[in-house]
Amino acid sequence: MMGNSKRRASLGSRRIVVLGYGTIAEAALPMLLETLEVEAPALTVIDQKELPDRLSDLAGRGLTYLRRRVTPDNLGDVLGEALQPGDLLL
């Protein structure tokens with residue numbers, strides 16, 4: 001029988017970049033923080049809106065928030081600004 005201990009995975013030095021902060025990202029981000037050994041400075045959120053209040057605490061702890069309008073024409077440039085090899089894009 002397994003105990004109640006939570007297992008956590010590690011991304012090492014890789015970062016998580018979230019493209020768009022809608023309802024799915026809003027629900028997934030807390031789960032990722034709880035499940036993975038990742039701190040706020042390893043997170044980047046890209047969205048065209050102002051920084052949501054729900055992310056203010058994480059932004060204060062180091063989350064990067066890029067306010068960008070992503071289009072087919074600038075997708076490569078925007079992702080190139082945020083991603084490094086080995087990063088996880090959501």
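**Fold and surface of the chain**

Three helices and four strands make up the secondary structure of the chain, counting DSSP runs numbered from the N terminus (helices are H or I with at least four residues, strands are E with at least two). This is a predicted model, in which local features need pLDDT of at least 70 and side-chain atom pairs count only at pLDDT 80 or more, while totals for chains, interfaces and linings use all residues. Residues are numbered from 1 along each chain as its sequence is written, and side-chain values use heavy atoms, with hydrogens and water left out.

Going along the sequence, the pattern reads β-α-β-α-β-α-β. The four strands come together as an open sheet, in the order β3-β2-β1-β4, with parallel pairing; two strands pair if DSSP finds at least two bridges between them. Strands β3 (64-67) and β4 sit at the edges with a single partner strand each, so one side of each has no neighbour in the sheet. In general, strands of a sheet pair through backbone hydrogen bonds, either parallel or antiparallel.

Strand β2 (residues 43-47) joins β3 in the parallel sense through four bridges, and D47 is found opposite R67 in β3. Also in β2 is T44. With a relative accessible area of 2%, T44 is buried (buried means under 20% relative accessible area, exposed over 50%, partly exposed in between, with a 1.4 Å probe and protein chains only). Leaving aside residues up to four places away in sequence, T44 touches R15, I16, V17, V18, T64, L66 and A82, a contact being heavy atoms within 4.5 Å.

Helix α3 (residues 75-82) lies across β1 (16-19), β2, β3 and β4, and runs at about 160° to β2. For such angles, axes are lines fitted to C-alpha atoms, for helices over the stretch in contact, and the angles run from 0 to 180 degrees between N-to-C directions.

Across the chain as a whole, 32% of the 90 residues count as buried. Among contacts with a separation of 6 or more, 56% come from residues 24 or more positions apart. The accessible surface is about 6200 Å², and carbon and sulfur atoms hold 53% of that (Shrake-Rupley method, 1.4 Å probe; for residues, only the protein chains shown count as cover).

On that surface, L19, V70, L75 and L89 form a nonpolar patch with about 270 Å² of accessible area together. Patches take residues with over 30% relative accessible area and no salt bridge, joining like charges within 9 Å and nonpolar side chains (Val, Leu, Ile, Met, Phe, Trp, Tyr) within 5 Å; a salt bridge puts a side-chain nitrogen of Lys or Arg within 4 Å of a carboxyl oxygen of Asp or Glu. L89 belongs to strand β4 (residues 88-89) and is partly exposed, at 38% relative accessible area.
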